[in-house]
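Hi,

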Amino acid sequence: MIATIAKKEMTEMFRDGRFRLASAVVAILLLASLAAGWKQYANLKNQHDTAQRAERTNWLGQKPKNPHQGAHYGVYAFKPKSQLSTVDTGVDPYVGVAVYLEAHKQNEFKFRPAQDAATSIQRFGELTAAVVLQVLIPLLIILLAFSTFAGEREQGTLRQLLSLGVERTHLSMGKALGVAGALAVVIVPATLIGVFALALTSGSGLLAVDVARTFLMVGAYSLYFLIFLALSLAVSAWSSSSRVALVVLLSFWIVNSLIATRAFSDLAGFLHPTPSEVEFDTTLQRDLADTKGLDAKLDEIKAGLFQKYGVNKLDDLPVNFRAISLQEAEEHGFTIFEKHFGNVFDRFEEQNAVYQWGGVIAPLLAVRSLSMGLAGTDFAHHRHFTTAAENYRRTIIKHMNDDIFIHPTKAGEEYVADAELWKKVPEFQYEAPGASWALSHYKTSIALLLLWLLSGTVVVAVASRRVQA
Amino acid sequence: MLEAIDLTKHYNGSPALNGLNLLIQPGEVFCLLGANGAGKTTTINLFLNFVEPTSGTARIKGLDVTQHPLETKKYIAYIPEQVMLYRNLSGLENLEYFTALAGRSDYTREQMLQFFDQVGLAREAAAQRVGTYSKGMRQKVGIAIALAKKAEALLLDEPTSGLDPKASNEFSSLIKKMSDAGVATLMTTHDLFRAKESGTRVGIMKHGSLVATLATTEIGHTDLERIYLEHMHD
């Protein structure tokens, strides 16, 4: 029975020119955005891999010099592109993809495509697959489903169906399945093509695809689409006419995809403001300049060493005190950078939490957060990488200073290290965290999406039971 | 087969149907006559359980329609003034869909097409989208659905209004065939001639009450018209 209803709904839709046109447009946009995302992914991955290798070669190829100069020479760390960034570029265009690791300071990220965007269209945002999935597919669902009940009521066919003794719940289940089936025709091929394209780029076939994240992302978007499907059917069953149903559903779509996104980013910024760049720099520099504690500590260490080795001049020490002073200065910096960056990063995370809670009003906000998280392009992943890069910076510096430490020099002399030392610094390896780590940041979004689906299902069940001819 | 017991319906306090008592046996065709707003369509809607009775009961095959809304619909077929079909589906697909939803999906394609033969629709028409159908053809599809459903009772709400005389005549002979096979029919109409021709009994309704019931075999056409007009005269 349900299958018969679903099949009839699909047949009707496929014979409807308007549906064919709308589906074709959405399918083309989805494929085009996936292709663009894939191309960007393939390019960037290539560039990053090449650049990261070149960085290593440059590092190893340094001429003999003082290790501290080596630390100043520094390296770039590139954030690896996740496969699913093909679908959702997330915050990457805004936060950047590479960071310069050097002595004395924790740098901000560079290469932010959004900053380089020249035209207003680019500033408006790219058409990523995520936008198609989050904004356009719900619109397609609304167009497919708004008249399912209301339209049949207007045509008079609903009266005839009900005179046959059809169960109303079967009717709404059949219709839901029919719309879902029509939608699958639009989405499934694009999804499969996307997965295969990724597998090809990764070089090692399907196995190289991050299966867990891919499945979870498919699940998250399916959940989101089901919410829209349930709401559209419920409104259609409840509305006096299909025009009313369309107006109600489009209003919700506008709130969901246009108003709520803006409103909640503004609200998040208002509740948890981040310091301006100038403000951030001023307070950071002020704290860094305050070296009273550092100087005292260095004096203390110096006195300790003089006592230990029974000397009273730096030149007489069997170790290089300059290394200690450099390392201590760095560690003084570490705490300050940690405090200041940590403070800003915490604000961002609080803003994200507000944004996720916006999912109470607009499921888009919940699915957008979750999607970025699964794509590994959200702020949490960015912070994870930032921490790893900063740790690597500390490793480089420590290696350099340790080497200086065991090579004491007299005043006027300079110690010169060679390739042996550069080699001792391990290559930068970054392993992105797993899918469950990603999910753990989006409990609110997941709960809200499930809640939306649950209430949508209840509403559609009640509404379809009350359907009147 | 179709039974109304003190069936009453008020809309916002004003009566649309007043204590209707009616029993239609298998093979009978009962025609309800009356002006617009006399309660004819309300009676049909009550049998379909599309509206709740204010008091009284409507029964189909002895079952109260409000108690057994799904089961009682298995025995009936409803044909409104205009049979509504899905215009993007062919006549055959419409028949298949409505029949399947009525719980019968055991017919072969050939058997389905035979229903088209029985109601006098060309097989070529069966393959066409119903967007191209005339009203008479749509009404015939309605009968084909009733046949395929093996309905034991027909509820017809002005099924021939707007049909040309030939189409109207064809429709009536199809009803006649079904009643000969033992189907009970309740039909509302404005067409006295049609009521006399195809009805076994006629009932005249006025302001929600059944004011007269006549057997068509006992009266001539002119008598029926005279009696009807007498009742309509206030």
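Below are the conventions, then the findings.

Residues are numbered from 1 along each chain as its sequence is written, with chains lettered from A and ligands numbered from 1 in the order in which they are written. This is a predicted model: local features need pLDDT of at least 70, side-chain atom pairs count only at pLDDT 80 or more, and totals for chains, interfaces and linings use all residues.

Sheet in chain B. Strands pair if DSSP finds at least two bridges between them. Here 4 strands make an open antiparallel sheet, ordered β2-β1-β4-β5. β2 (14–24) and β5 (63–64) are the edges, each pairing on one side only. Between β1 (residues 2–11) and β4 (residues 55–60) there are 5 bridges. B:E3 sits opposite B:R59 of β4(B).

Interface. Contact means C-beta atoms, placed from the backbone, within 7 Å. On that basis, 17 residues of chain B touch 19 of chain A. α3(B) gives the most to chain B's side, with 4 residues.

Helix packing in chain A. How do α12 (residues 242–271) and α16 (residues 363–375) pack? Their angle is about 70°, with axes 9 Å apart. Axes are lines fitted to C-alpha atoms over the stretch in contact, and angles run from 0 to 180 degrees between N-to-C directions. So α12(A) is roughly perpendicular to α16(A) (65 to 115 degrees). Residues making the contact include A:F264 of α12(A) and A:L364 of α16(A).

Best wishes

Key: Helices (H or I, at least four residues) and strands (E, at least two) are DSSP runs, numbered from the N terminus. Two residues are in contact if their C-beta atoms, placed from the backbone, lie within 7 Å. Angles under 35 degrees count as roughly parallel, over 145 as roughly antiparallel, 65 to 115 as roughly perpendicular and the rest as oblique.
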